[in-house]
Amino acid sequence: MSSKQVAMVIDLNKCIGCQTCTVACKTQWTNKEGQEGMYWNTVSTAPGGGTPKDWEGMGGGFRDGKAQAGIRPKQADFGDAWEFNVEDVMFGGDPNGTVGPMEGDPIYGTNWDEDVGGGDYPNSFFFYIPRICNHCTKPACMEACPRGAIYKRDEDGIVLINEDHCRGFRFCQEACPYKEIYFNQTTGTAQKCIFCLPRVEEGVATACSRQCPGRVRFLGFLDDEDGPIHKLVYKHKVALPLHPEYETEPNVFYIPPLAPPSFDDEGNEIDESRIPILYLISLFGPAVHDSLEIIKHERELKRQGGTSELMDVLISRNWLDLFGPFTTQPKDVARTLEGRGNA
Amino acid sequence: MQSRRVADIDSYLDPAAAVWSSEAANRIDMIPAPLGLQPTDHIIATWENRPYGEAEWADLKSVHDGETLAVHISWSCAKISIGASEGFPDAAAIAFPVRGEPILLSMGSSDAPMHMLQWKAKGNETRSVLAEGIGSSLPGPSVSENGKGGWSQGIWSVVFSRSLNAPENASPLSAGMTTLIGVAVWNGTNEERAGIKAVSGDWTDFILEA
(Lines give C-alpha, C1' and ligand atoms only; values in the text may rest on other atoms or scores of the structure.)
Protein backbone atom coordinates (compact mmCIF):
# COMPACT_ATOMS: atom_id res chain seq x y z
CA MET A 1 0.00 0.00 0.00
CA SER A 2 1.29 3.43 -0.93
CA SER A 3 1.42 6.54 1.31
CA LYS A 4 -0.80 8.41 -1.15
CA GLN A 5 -3.17 7.10 -3.79
CA VAL A 6 -4.39 8.86 -6.89
CA ALA A 7 -7.79 7.71 -8.03
CA MET A 8 -10.38 8.30 -10.68
CA VAL A 9 -14.17 8.32 -10.51
CA ILE A 10 -16.02 7.78 -13.78
CA ASP A 11 -19.65 8.86 -13.91
CA LEU A 12 -21.41 6.33 -16.15
CA ASN A 13 -24.49 8.53 -16.29
CA LYS A 14 -22.60 11.07 -18.33
CA CYS A 15 -20.48 8.93 -20.66
CA ILE A 16 -21.74 9.21 -24.23
CA GLY A 17 -19.35 6.65 -25.71
CA CYS A 18 -17.67 9.17 -28.01
CA GLN A 19 -14.21 7.59 -27.58
CA THR A 20 -12.52 10.99 -27.26
CA CYS A 21 -10.70 9.63 -24.20
CA THR A 22 -9.59 6.60 -26.20
CA VAL A 23 -8.16 8.80 -28.93
CA ALA A 24 -6.57 11.20 -26.43
CA CYS A 25 -4.77 8.27 -24.81
CA LYS A 26 -3.89 6.59 -28.09
CA THR A 27 -2.28 9.66 -29.59
CA GLN A 28 -0.46 10.47 -26.37
CA TRP A 29 0.92 7.08 -25.37
CA THR A 30 0.39 4.21 -27.80
CA ASN A 31 1.27 5.55 -31.22
CA LYS A 32 4.58 3.74 -31.63
CA GLU A 33 5.58 0.55 -33.38
CA GLY A 34 4.29 -2.53 -31.61
CA GLN A 35 1.40 -0.57 -30.10
CA GLU A 36 -0.88 -0.55 -33.11
CA GLY A 37 -3.61 -2.65 -31.49
CA MET A 38 -3.02 -1.27 -28.00
CA TYR A 39 -5.54 0.91 -26.17
CA TRP A 40 -4.67 1.81 -22.60
CA ASN A 41 -8.10 3.42 -22.43
CA THR A 42 -11.14 1.69 -23.82
CA VAL A 43 -14.84 2.46 -23.81
CA SER A 44 -17.06 -0.55 -24.33
CA THR A 45 -20.76 -1.06 -24.42
CA ALA A 46 -22.26 -2.90 -21.46
CA PRO A 47 -23.52 -5.56 -21.48
CA GLY A 48 -21.08 -6.90 -24.05
CA GLY A 49 -17.89 -8.79 -24.67
CA GLY A 50 -15.75 -5.82 -23.65
CA THR A 51 -12.03 -5.42 -24.27
CA PRO A 52 -10.40 -7.89 -24.45
CA LYS A 53 -13.21 -10.15 -25.54
CA ASP A 54 -15.00 -11.78 -22.60
CA TRP A 55 -12.31 -10.56 -20.18
CA GLU A 56 -14.54 -11.11 -17.17
CA GLY A 57 -14.18 -14.87 -17.66
CA MET A 58 -10.39 -14.87 -17.88
CA GLY A 59 -9.58 -15.27 -14.19
CA GLY A 60 -6.74 -13.79 -12.16
CA GLY A 61 -6.95 -11.57 -9.11
CA PHE A 62 -7.47 -13.03 -5.66
CA ARG A 63 -10.15 -14.98 -3.84
CA ASP A 64 -10.09 -15.03 -0.04
CA GLY A 65 -6.65 -13.47 -0.40
CA LYS A 66 -5.29 -16.32 -2.52
CA ALA A 67 -3.92 -15.65 -6.01
CA GLN A 68 -6.10 -17.14 -8.74
CA ALA A 69 -5.09 -18.76 -12.00
CA GLY A 70 -5.73 -16.63 -15.05
CA ILE A 71 -5.87 -16.76 -18.82
CA ARG A 72 -3.54 -14.56 -20.85
CA PRO A 73 -5.47 -12.48 -23.40
CA LYS A 74 -4.10 -12.70 -26.93
CA GLN A 75 -3.89 -9.94 -29.51
CA ALA A 76 -6.92 -11.39 -31.27
CA ASP A 77 -8.94 -10.97 -28.06
CA PHE A 78 -8.13 -7.26 -28.05
CA GLY A 79 -8.50 -7.02 -31.81
CA ASP A 80 -5.80 -6.29 -34.32
CA ALA A 81 -5.13 -2.83 -35.63
CA TRP A 82 -7.13 -2.43 -38.81
CA GLU A 83 -5.64 -0.90 -41.92
CA PHE A 84 -8.16 0.94 -44.09
CA ASN A 85 -8.03 1.55 -47.83
CA VAL A 86 -8.51 5.30 -47.43
CA GLU A 87 -5.72 6.18 -49.86
CA ASP A 88 -7.19 3.92 -52.55
CA VAL A 89 -10.69 5.27 -52.17
CA MET A 90 -9.81 8.93 -51.87
CA PHE A 91 -7.01 9.13 -54.40
CA GLY A 92 -7.13 5.88 -56.35
CA GLY A 93 -9.41 7.09 -59.09
CA ASP A 94 -12.27 4.65 -58.43
CA PRO A 95 -15.43 6.73 -57.98
CA ASN A 96 -17.33 3.72 -56.67
CA GLY A 97 -14.75 2.69 -54.08
CA THR A 98 -15.84 2.33 -50.47
CA VAL A 99 -13.74 2.61 -47.35
CA GLY A 100 -13.16 -0.67 -45.56
CA PRO A 101 -10.51 -2.79 -43.89
CA MET A 102 -7.73 -3.83 -46.25
CA GLU A 103 -7.06 -7.33 -45.00
CA GLY A 104 -10.47 -8.93 -44.85
CA ASP A 105 -13.16 -8.42 -42.31
CA PRO A 106 -11.91 -7.85 -38.75
CA ILE A 107 -13.15 -10.39 -36.23
CA TYR A 108 -12.93 -8.30 -33.07
CA GLY A 109 -11.95 -4.90 -31.76
CA THR A 110 -12.50 -2.52 -28.90
CA ASN A 111 -16.20 -1.67 -28.43
CA TRP A 112 -16.91 -4.38 -31.01
CA ASP A 113 -20.52 -4.80 -29.92
CA GLU A 114 -21.22 -1.08 -29.79
CA ASP A 115 -24.75 -0.24 -28.64
CA VAL A 116 -25.93 -3.85 -28.91
CA GLY A 117 -26.65 -3.98 -25.19
CA GLY A 118 -29.07 -6.34 -23.47
CA GLY A 119 -32.71 -6.86 -22.61
CA ASP A 120 -35.68 -7.22 -24.95
CA TYR A 121 -37.71 -4.40 -26.50
CA PRO A 122 -39.17 -2.28 -25.00
CA ASN A 123 -36.89 -2.98 -22.05
CA SER A 124 -33.64 -3.06 -23.97
CA PHE A 125 -30.78 -1.14 -22.42
CA PHE A 126 -27.08 -0.37 -22.64
CA PHE A 127 -24.52 2.01 -21.22
CA TYR A 128 -20.86 2.73 -21.81
CA ILE A 129 -18.08 1.69 -19.52
CA PRO A 130 -14.68 3.35 -19.92
CA ARG A 131 -11.78 1.39 -18.50
CA ILE A 132 -8.09 1.99 -17.78
CA CYS A 133 -5.61 0.23 -15.49
CA ASN A 134 -7.12 0.41 -12.02
CA HIS A 135 -3.76 1.10 -10.30
CA CYS A 136 -4.94 -1.31 -7.66
CA THR A 137 -4.01 -1.13 -4.01
CA LYS A 138 -3.24 -4.87 -4.24
CA PRO A 139 -2.02 -5.21 -7.84
CA ALA A 140 -2.27 -8.86 -8.93
CA CYS A 141 0.10 -8.08 -11.80
CA MET A 142 2.77 -6.95 -9.36
CA GLU A 143 2.36 -10.07 -7.25
CA ALA A 144 2.59 -12.30 -10.29
CA CYS A 145 5.78 -10.95 -11.85
CA PRO A 146 8.74 -13.20 -11.07
CA ARG A 147 11.12 -10.42 -12.09
CA GLY A 148 9.84 -7.79 -9.68
CA ALA A 149 9.45 -5.62 -12.78
CA ILE A 150 6.13 -4.12 -11.65
CA TYR A 151 6.01 -1.65 -8.81
CA LYS A 152 3.63 0.71 -7.09
CA ARG A 153 4.88 4.21 -6.44
CA ASP A 154 4.72 5.20 -2.79
CA GLU A 155 4.07 8.88 -3.50
CA ASP A 156 0.91 8.39 -5.60
CA GLY A 157 0.12 4.67 -5.85
CA ILE A 158 0.57 4.59 -9.62
CA VAL A 159 1.46 1.07 -10.79
CA LEU A 160 4.25 0.96 -13.37
CA ILE A 161 6.15 -1.65 -15.35
CA ASN A 162 9.93 -1.30 -15.45
CA GLU A 163 10.52 -2.38 -19.02
CA ASP A 164 14.26 -2.71 -18.38
CA HIS A 165 13.46 -5.57 -16.00
CA CYS A 166 10.49 -7.02 -17.89
CA ARG A 167 11.40 -10.14 -19.83
CA GLY A 168 8.05 -10.53 -21.56
CA PHE A 169 6.93 -13.55 -19.51
CA ARG A 170 3.40 -12.11 -19.35
CA PHE A 171 2.35 -13.63 -16.04
CA CYS A 172 1.04 -10.14 -15.32
CA GLN A 173 -1.42 -10.45 -18.20
CA GLU A 174 -2.76 -13.65 -16.70
CA ALA A 175 -2.94 -12.30 -13.17
CA CYS A 176 -4.62 -8.96 -13.88
CA PRO A 177 -8.32 -9.79 -13.55
CA TYR A 178 -9.21 -6.67 -15.53
CA LYS A 179 -6.91 -7.71 -18.42
CA GLU A 180 -5.54 -4.20 -18.66
CA ILE A 181 -1.99 -5.23 -19.63
CA TYR A 182 -0.82 -5.50 -23.23
CA PHE A 183 2.19 -7.20 -24.78
CA ASN A 184 4.30 -5.19 -27.20
CA GLN A 185 5.67 -7.69 -29.70
CA THR A 186 8.24 -5.19 -30.96
CA THR A 187 9.83 -4.45 -27.60
CA GLY A 188 9.02 -7.85 -26.10
CA THR A 189 7.68 -6.19 -22.97
CA ALA A 190 4.39 -5.72 -21.15
CA GLN A 191 2.86 -2.24 -21.32
CA LYS A 192 -0.16 -0.57 -19.78
CA CYS A 193 -1.76 2.67 -18.65
CA ILE A 194 0.65 4.82 -16.62
CA PHE A 195 -2.06 7.16 -15.29
CA CYS A 196 -0.39 9.84 -17.42
CA LEU A 197 2.46 9.90 -14.94
CA PRO A 198 4.49 12.68 -16.61
CA ARG A 199 1.38 14.87 -16.69
CA VAL A 200 0.23 14.07 -13.17
CA GLU A 201 3.70 14.78 -11.79
CA GLU A 202 3.38 18.29 -13.22
CA GLY A 203 -0.11 18.76 -11.81
CA VAL A 204 -1.84 18.14 -15.15
CA ALA A 205 -4.90 15.90 -15.32
CA THR A 206 -4.75 12.66 -17.30
CA ALA A 207 -5.37 13.04 -21.04
CA CYS A 208 -8.50 10.89 -20.90
CA SER A 209 -9.92 13.16 -18.19
CA ARG A 210 -9.11 16.53 -19.71
CA GLN A 211 -10.31 15.59 -23.18
CA CYS A 212 -13.64 14.16 -22.04
CA PRO A 213 -16.47 16.29 -23.49
CA GLY A 214 -18.95 14.81 -21.01
CA ARG A 215 -17.01 15.83 -17.87
CA VAL A 216 -17.20 12.20 -16.87
CA ARG A 217 -13.93 11.72 -15.04
CA PHE A 218 -12.99 13.02 -11.62
CA LEU A 219 -9.41 12.92 -10.35
CA GLY A 220 -7.67 13.35 -7.07
CA PHE A 221 -6.16 11.71 -4.04
CA LEU A 222 -8.29 9.31 -2.03
CA ASP A 223 -7.46 11.00 1.26
CA ASP A 224 -8.08 14.57 0.07
CA GLU A 225 -11.29 15.32 1.97
CA ASP A 226 -11.91 18.49 -0.03
CA GLY A 227 -11.49 16.77 -3.39
CA PRO A 228 -14.17 15.11 -5.50
CA ILE A 229 -12.80 11.58 -5.11
CA HIS A 230 -13.07 11.46 -1.34
CA LYS A 231 -16.54 12.97 -1.47
CA LEU A 232 -17.84 10.49 -4.04
CA VAL A 233 -16.14 7.37 -2.70
CA TYR A 234 -16.13 7.83 1.07
CA LYS A 235 -18.40 10.70 2.07
CA HIS A 236 -21.43 10.01 -0.13
CA LYS A 237 -20.52 6.39 -0.89
CA VAL A 238 -21.81 6.48 -4.44
CA ALA A 239 -18.63 5.62 -6.39
CA LEU A 240 -17.85 1.92 -6.53
CA PRO A 241 -15.03 -0.22 -7.87
CA LEU A 242 -15.69 -2.53 -10.79
CA HIS A 243 -15.76 -6.19 -9.76
CA PRO A 244 -14.70 -5.75 -6.15
CA GLU A 245 -14.82 -9.54 -5.83
CA TYR A 246 -11.49 -9.70 -7.67
CA GLU A 247 -9.97 -8.41 -4.41
CA THR A 248 -7.33 -6.19 -5.98
CA GLU A 249 -8.88 -3.03 -4.52
CA PRO A 250 -9.09 -0.92 -7.70
CA ASN A 251 -8.57 2.83 -7.54
CA VAL A 252 -10.84 3.59 -10.46
CA PHE A 253 -14.42 3.94 -9.25
CA TYR A 254 -17.72 4.25 -11.06
CA ILE A 255 -20.92 6.15 -10.48
CA PRO A 256 -23.42 3.43 -11.47
CA PRO A 257 -25.93 4.22 -14.21
CA LEU A 258 -29.47 5.24 -13.48
CA ALA A 259 -32.04 4.25 -16.06
CA PRO A 260 -35.64 4.95 -17.02
CA PRO A 261 -38.33 2.64 -15.69
CA SER A 262 -39.18 -0.67 -17.35
CA PHE A 263 -42.48 -1.35 -19.09
CA ASP A 264 -44.83 -4.18 -18.28
CA ASP A 265 -46.56 -6.31 -20.93
CA GLU A 266 -49.27 -3.68 -21.28
CA GLY A 267 -46.77 -0.95 -21.97
CA ASN A 268 -47.17 0.68 -18.57
CA GLU A 269 -44.20 1.98 -16.64
CA ILE A 270 -43.34 -0.10 -13.58
CA ASP A 271 -41.19 0.67 -10.58
CA GLU A 272 -38.19 -1.23 -11.87
CA SER A 273 -35.07 0.16 -13.51
CA ARG A 274 -34.55 -0.59 -17.19
CA ILE A 275 -31.05 -1.75 -16.25
CA PRO A 276 -31.60 -4.87 -14.14
CA ILE A 277 -30.23 -4.39 -10.65
CA LEU A 278 -28.84 -7.93 -10.73
CA TYR A 279 -26.71 -6.99 -13.71
CA LEU A 280 -25.36 -3.95 -11.91
CA ILE A 281 -24.69 -6.04 -8.81
CA SER A 282 -22.71 -8.44 -11.01
CA LEU A 283 -20.50 -5.50 -12.00
CA PHE A 284 -20.24 -3.39 -8.87
CA GLY A 285 -21.28 -5.68 -6.03
CA PRO A 286 -24.28 -5.36 -3.71
CA ALA A 287 -23.32 -1.82 -2.67
CA VAL A 288 -24.65 -0.61 -6.00
CA HIS A 289 -28.20 -0.74 -4.64
CA ASP A 290 -27.52 1.81 -1.91
CA SER A 291 -25.44 3.92 -4.28
CA LEU A 292 -28.32 4.26 -6.71
CA GLU A 293 -30.79 5.03 -3.94
CA ILE A 294 -28.54 7.79 -2.61
CA ILE A 295 -28.15 9.33 -6.05
CA LYS A 296 -31.92 9.21 -6.68
CA HIS A 297 -32.62 10.74 -3.28
CA GLU A 298 -30.14 13.56 -3.77
CA ARG A 299 -31.38 14.20 -7.28
CA GLU A 300 -34.90 14.57 -5.97
CA LEU A 301 -33.70 16.96 -3.28
CA LYS A 302 -32.07 19.12 -5.90
CA ARG A 303 -35.13 18.91 -8.14
CA GLN A 304 -37.26 20.30 -5.35
CA GLY A 305 -34.98 23.28 -4.93
CA GLY A 306 -32.90 21.92 -2.07
CA THR A 307 -29.17 21.77 -1.83
CA SER A 308 -27.10 18.70 -2.51
CA GLU A 309 -23.32 18.63 -2.35
CA LEU A 310 -23.37 15.30 -4.14
CA MET A 311 -25.36 16.64 -7.07
CA ASP A 312 -23.17 19.75 -7.26
CA VAL A 313 -20.06 17.55 -7.47
CA LEU A 314 -21.60 15.28 -10.09
CA ILE A 315 -22.91 18.17 -12.19
CA SER A 316 -19.45 19.77 -12.10
CA ARG A 317 -20.33 23.17 -13.47
CA ASN A 318 -16.74 24.30 -13.06
CA TRP A 319 -14.69 22.07 -15.32
CA LEU A 320 -11.49 22.29 -13.30
CA ASP A 321 -13.32 21.16 -10.15
CA LEU A 322 -13.24 17.68 -11.68
CA PHE A 323 -9.52 17.36 -11.34
CA GLY A 324 -8.71 17.88 -7.66
CA PRO A 325 -5.08 19.02 -7.46
CA PHE A 326 -4.41 18.32 -11.16
CA THR A 327 -5.59 21.62 -12.63
CA THR A 328 -2.39 22.87 -14.24
CA GLN A 329 -2.77 23.69 -17.93
CA PRO A 330 -0.47 21.62 -20.17
CA LYS A 331 0.67 24.77 -21.98
CA ASP A 332 1.90 26.21 -18.70
CA VAL A 333 3.92 23.08 -18.00
CA ALA A 334 5.47 23.30 -21.44
CA ARG A 335 6.54 26.86 -20.62
CA THR A 336 7.96 25.76 -17.28
CA LEU A 337 9.92 22.94 -18.87
CA GLU A 338 11.19 25.30 -21.52
CA GLY A 339 12.34 27.64 -18.79
CA ARG A 340 14.29 24.78 -17.25
CA GLY A 341 15.92 24.02 -20.56
CA ASN A 342 14.08 20.74 -20.90
CA ALA A 343 11.86 21.59 -23.83
CA MET B 1 31.04 -35.93 -17.61
CA GLN B 2 34.14 -34.89 -19.46
CA SER B 3 34.77 -32.13 -21.94
CA ARG B 4 37.28 -33.65 -24.31
CA ARG B 5 40.15 -31.53 -25.60
CA VAL B 6 40.18 -31.18 -29.38
CA ALA B 7 42.33 -29.28 -31.84
CA ASP B 8 39.66 -27.83 -34.13
CA ILE B 9 36.78 -26.37 -32.10
CA ASP B 10 35.24 -24.62 -35.09
CA SER B 11 34.04 -27.89 -36.60
CA TYR B 12 31.96 -28.47 -33.41
CA LEU B 13 29.95 -25.27 -33.47
CA ASP B 14 27.15 -26.71 -35.61
CA PRO B 15 24.85 -29.03 -33.66
CA ALA B 16 24.35 -31.20 -36.75
CA ALA B 17 28.10 -31.54 -37.44
CA ALA B 18 29.20 -35.15 -37.96
CA VAL B 19 32.03 -34.76 -35.45
CA TRP B 20 29.53 -34.76 -32.58
CA SER B 21 28.35 -38.27 -33.43
CA SER B 22 31.61 -39.74 -32.20
CA GLU B 23 31.42 -37.95 -28.84
CA ALA B 24 29.94 -39.88 -25.91
CA ALA B 25 26.58 -38.59 -24.68
CA ASN B 26 25.92 -38.14 -20.98
CA ARG B 27 22.26 -38.58 -20.26
CA ILE B 28 20.95 -36.19 -17.61
CA ASP B 29 17.63 -36.95 -15.95
CA MET B 30 15.32 -33.95 -16.00
CA ILE B 31 12.46 -33.03 -13.68
CA PRO B 32 9.86 -30.26 -13.68
CA ALA B 33 11.21 -27.29 -11.72
CA PRO B 34 9.42 -27.74 -8.38
CA LEU B 35 6.13 -25.88 -8.12
CA GLY B 36 6.88 -24.90 -4.54
CA LEU B 37 9.98 -23.03 -5.69
CA GLN B 38 8.08 -20.88 -8.18
CA PRO B 39 8.51 -17.28 -7.13
CA THR B 40 4.92 -16.05 -7.08
CA ASP B 41 1.59 -17.34 -5.84
CA HIS B 42 0.00 -16.54 -9.18
CA ILE B 43 2.42 -18.79 -11.05
CA ILE B 44 1.80 -21.58 -8.56
CA ALA B 45 -1.98 -21.17 -8.86
CA THR B 46 -1.85 -21.19 -12.65
CA TRP B 47 0.42 -24.21 -12.98
CA GLU B 48 -0.53 -26.41 -10.02
CA ASN B 49 -2.90 -28.48 -12.14
CA ARG B 50 -1.11 -28.09 -15.44
CA PRO B 51 1.73 -30.35 -16.63
CA TYR B 52 5.07 -28.73 -17.47
CA GLY B 53 8.74 -29.60 -17.63
CA GLU B 54 7.98 -32.91 -19.28
CA ALA B 55 11.32 -33.32 -21.04
CA GLU B 56 12.57 -36.42 -19.23
CA TRP B 57 16.16 -36.30 -20.34
CA ALA B 58 18.86 -34.18 -21.91
CA ASP B 59 21.95 -35.60 -23.59
CA LEU B 60 25.12 -33.59 -23.04
CA LYS B 61 28.39 -33.73 -24.94
CA SER B 62 31.27 -31.30 -24.70
CA VAL B 63 34.65 -30.47 -26.17
CA HIS B 64 37.10 -27.62 -25.75
CA ASP B 65 40.37 -26.49 -27.34
CA GLY B 66 41.90 -24.78 -24.35
CA GLU B 67 40.33 -21.45 -25.27
CA THR B 68 36.74 -22.13 -26.27
CA LEU B 69 34.20 -24.49 -24.74
CA ALA B 70 31.43 -26.13 -26.78
CA VAL B 71 28.51 -27.92 -25.11
CA HIS B 72 26.09 -29.94 -27.23
CA ILE B 73 22.68 -30.51 -25.66
CA SER B 74 19.80 -32.45 -27.19
CA TRP B 75 16.37 -33.18 -25.80
CA SER B 76 13.01 -34.48 -26.94
CA CYS B 77 10.48 -31.85 -28.05
CA ALA B 78 7.59 -33.16 -30.11
CA LYS B 79 6.45 -29.80 -31.48
CA ILE B 80 8.76 -26.95 -32.36
CA SER B 81 8.03 -23.38 -31.22
CA ILE B 82 10.22 -20.55 -32.42
CA GLY B 83 8.21 -17.96 -30.49
CA ALA B 84 6.61 -16.31 -33.48
CA SER B 85 4.38 -13.29 -32.76
CA GLU B 86 2.88 -13.92 -29.32
CA GLY B 87 4.25 -17.44 -28.83
CA PHE B 88 6.92 -18.49 -26.38
CA PRO B 89 10.07 -19.99 -27.90
CA ASP B 90 11.63 -23.32 -27.08
CA ALA B 91 14.78 -22.65 -25.09
CA ALA B 92 17.68 -24.26 -23.25
CA ALA B 93 20.27 -23.18 -20.73
CA ILE B 94 23.47 -24.49 -19.22
CA ALA B 95 24.70 -23.29 -15.85
CA PHE B 96 28.01 -23.28 -13.98
CA PRO B 97 28.62 -22.24 -10.38
CA VAL B 98 30.46 -18.95 -10.01
CA ARG B 99 31.64 -19.49 -6.44
CA GLY B 100 30.56 -21.29 -3.32
CA GLU B 101 28.04 -24.10 -3.64
CA PRO B 102 24.94 -22.68 -5.31
CA ILE B 103 21.78 -24.76 -5.17
CA LEU B 104 20.84 -25.35 -8.79
CA LEU B 105 17.07 -25.54 -8.28
CA SER B 106 16.98 -22.21 -6.47
CA MET B 107 19.34 -20.63 -9.02
CA GLY B 108 22.07 -19.80 -6.53
CA SER B 109 22.22 -17.01 -3.99
CA SER B 110 24.10 -13.77 -3.43
CA ASP B 111 26.86 -15.74 -1.64
CA ALA B 112 26.89 -18.47 -4.27
CA PRO B 113 25.81 -17.15 -7.66
CA MET B 114 25.65 -19.11 -10.87
CA HIS B 115 26.37 -18.16 -14.44
CA MET B 116 24.25 -19.34 -17.35
CA LEU B 117 24.08 -19.30 -21.06
CA GLN B 118 20.50 -19.28 -22.29
CA TRP B 119 19.58 -20.00 -25.89
CA LYS B 120 16.16 -19.30 -27.39
CA ALA B 121 14.77 -20.71 -30.61
CA LYS B 122 13.63 -17.21 -31.51
CA GLY B 123 16.49 -16.01 -33.69
CA ASN B 124 19.07 -18.33 -32.08
CA GLU B 125 19.43 -15.65 -29.39
CA THR B 126 21.99 -16.57 -26.75
CA ARG B 127 22.47 -14.58 -23.56
CA SER B 128 24.99 -14.55 -20.77
CA VAL B 129 23.08 -14.48 -17.49
CA LEU B 130 24.11 -14.12 -13.88
CA ALA B 131 21.71 -15.40 -11.20
CA GLU B 132 21.73 -14.94 -7.45
CA GLY B 133 18.45 -16.67 -6.73
CA ILE B 134 15.07 -17.21 -8.34
CA GLY B 135 13.83 -14.15 -10.22
CA SER B 136 17.16 -12.36 -9.86
CA SER B 137 18.77 -13.08 -13.21
CA LEU B 138 20.62 -10.17 -14.77
CA PRO B 139 22.70 -9.85 -17.91
CA GLY B 140 26.08 -11.47 -17.26
CA PRO B 141 29.45 -10.39 -18.62
CA SER B 142 30.36 -11.23 -22.17
CA VAL B 143 32.08 -14.60 -22.54
CA SER B 144 31.94 -14.57 -26.34
CA GLU B 145 28.76 -16.60 -25.92
CA ASN B 146 27.09 -18.12 -28.89
CA GLY B 147 24.41 -20.67 -29.57
CA LYS B 148 23.06 -22.50 -32.55
CA GLY B 149 20.13 -24.85 -32.58
CA GLY B 150 18.43 -27.21 -34.96
CA TRP B 151 15.23 -29.25 -34.63
CA SER B 152 14.67 -32.51 -36.45
CA GLN B 153 12.17 -35.33 -35.94
CA GLY B 154 11.17 -34.27 -32.46
CA ILE B 155 14.67 -33.60 -31.16
CA TRP B 156 16.28 -30.23 -30.48
CA SER B 157 20.06 -30.09 -30.69
CA VAL B 158 21.84 -26.95 -29.56
CA VAL B 159 25.54 -26.12 -29.31
CA PHE B 160 26.54 -23.50 -26.78
CA SER B 161 30.00 -22.02 -27.05
CA ARG B 162 31.88 -19.59 -24.84
CA SER B 163 35.42 -18.63 -24.03
CA LEU B 164 37.00 -20.55 -21.16
CA ASN B 165 38.62 -17.38 -19.94
CA ALA B 166 36.05 -15.19 -18.25
CA PRO B 167 35.57 -12.59 -15.53
CA GLU B 168 35.23 -13.83 -11.95
CA ASN B 169 31.42 -13.59 -12.01
CA ALA B 170 31.11 -15.64 -15.19
CA SER B 171 32.56 -18.94 -14.06
CA PRO B 172 36.10 -18.83 -15.46
CA LEU B 173 37.04 -22.25 -16.83
CA SER B 174 40.37 -23.80 -17.70
CA ALA B 175 41.76 -27.01 -19.09
CA GLY B 176 42.22 -29.59 -16.36
CA MET B 177 39.60 -28.00 -14.15
CA THR B 178 36.70 -29.84 -12.51
CA THR B 179 33.48 -27.92 -12.02
CA LEU B 180 29.74 -28.59 -12.20
CA ILE B 181 27.14 -28.18 -14.92
CA GLY B 182 23.36 -27.86 -14.79
CA VAL B 183 20.76 -27.86 -17.55
CA ALA B 184 17.26 -26.48 -18.17
CA VAL B 185 14.92 -26.67 -21.17
CA TRP B 186 11.67 -24.88 -21.92
CA ASN B 187 8.80 -26.16 -24.11
CA GLY B 188 7.47 -23.06 -25.82
CA THR B 189 4.41 -24.83 -27.19
CA ASN B 190 3.34 -25.43 -23.58
CA GLU B 191 3.91 -21.72 -22.82
CA GLU B 192 6.86 -22.57 -20.60
CA ARG B 193 8.99 -19.63 -19.56
CA ALA B 194 10.84 -18.31 -16.52
CA GLY B 195 10.74 -20.95 -13.76
CA ILE B 196 8.24 -23.12 -15.61
CA LYS B 197 10.74 -25.51 -17.19
CA ALA B 198 12.45 -28.89 -17.00
CA VAL B 199 15.72 -28.89 -15.05
CA SER B 200 18.44 -31.29 -14.05
CA GLY B 201 17.62 -31.87 -10.42
CA ASP B 202 21.21 -31.36 -9.34
CA TRP B 203 24.63 -30.53 -10.68
CA THR B 204 26.64 -32.96 -12.79
CA ASP B 205 30.43 -33.14 -12.44
CA PHE B 206 32.07 -31.47 -15.39
CA ILE B 207 35.76 -32.15 -16.08
CA LEU B 208 37.67 -30.21 -18.71
CA GLU B 209 40.38 -32.47 -20.09
CA ALA B 210 43.88 -31.06 -19.54
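Where in chain A is the place of A:Pro122? In this predicted model, A:Pro122 sits in the loop between H3 and strand S5 (127-131) of chain A. A cis peptide bond links this proline to A:Tyr121, with omega about 5°.

| Cis peptide bond | Omega |
|---|---|
| A:Tyr121 and A:Pro122 | about 5° |

Another backbone detail to look at is A:His243. This histidine has a phi near 50°, which is a positive value in a residue other than glycine. You will find A:His243 in the loop between strand S11 (240-241) and strand S12 (252-255) of chain A.

Now for the two chains together. How many residues of chain A are in contact with chain B? There are 22 of them, and they meet 22 residues of chain B. Between them the chains bury about 1900 Å², with 47% of that area on carbon and sulfur atoms. Two salt bridges cross the interface of chain A and chain B. A:Arg72 forms a salt bridge with B:Glu191, and their closest N and O atoms are 2.9 Å apart.

Finally, a look at surface charge. Which residues form a negative surface patch? The patch is made up of A:Glu33, A:Glu36, A:Asp80, A:Glu83 and A:Glu103.

How values were computed. Residues are numbered from 1 along each chain as its sequence is written. Chains are lettered from A and ligands numbered from 1 in the order in which they are written. This is a predicted model: local features need pLDDT of at least 70, side-chain atom pairs count only at pLDDT 80 or more; totals for chains, interfaces and linings use all residues. Side-chain values use heavy atoms; hydrogens and water are left out. Patches are made of residues with over 30% relative accessible area and no salt bridge: like charges are joined within 9 Å, nonpolar side chains (Val, Leu, Ile, Met, Phe, Trp, Tyr) within 5 Å. Accessible areas come from the Shrake-Rupley method with a 1.4 Å probe; for residues, only the protein chains shown count as cover. A salt bridge is a side-chain nitrogen of Lys or Arg within 4 Å of a carboxyl oxygen of Asp or Glu. Lys and Arg count as positive and Asp and Glu as negative; His and the chain ends are not counted. The place of a charge is taken as NZ of Lys, CZ of Arg, CG of Asp or CD of Glu. Contact means heavy atoms within 4.5 Å. Buried area is the accessible area (1.4 Å probe) that two parts lose on being put together, summed over both. Helices (H or I, at least four residues) and strands (E, at least two) are DSSP runs, numbered from the N terminus.
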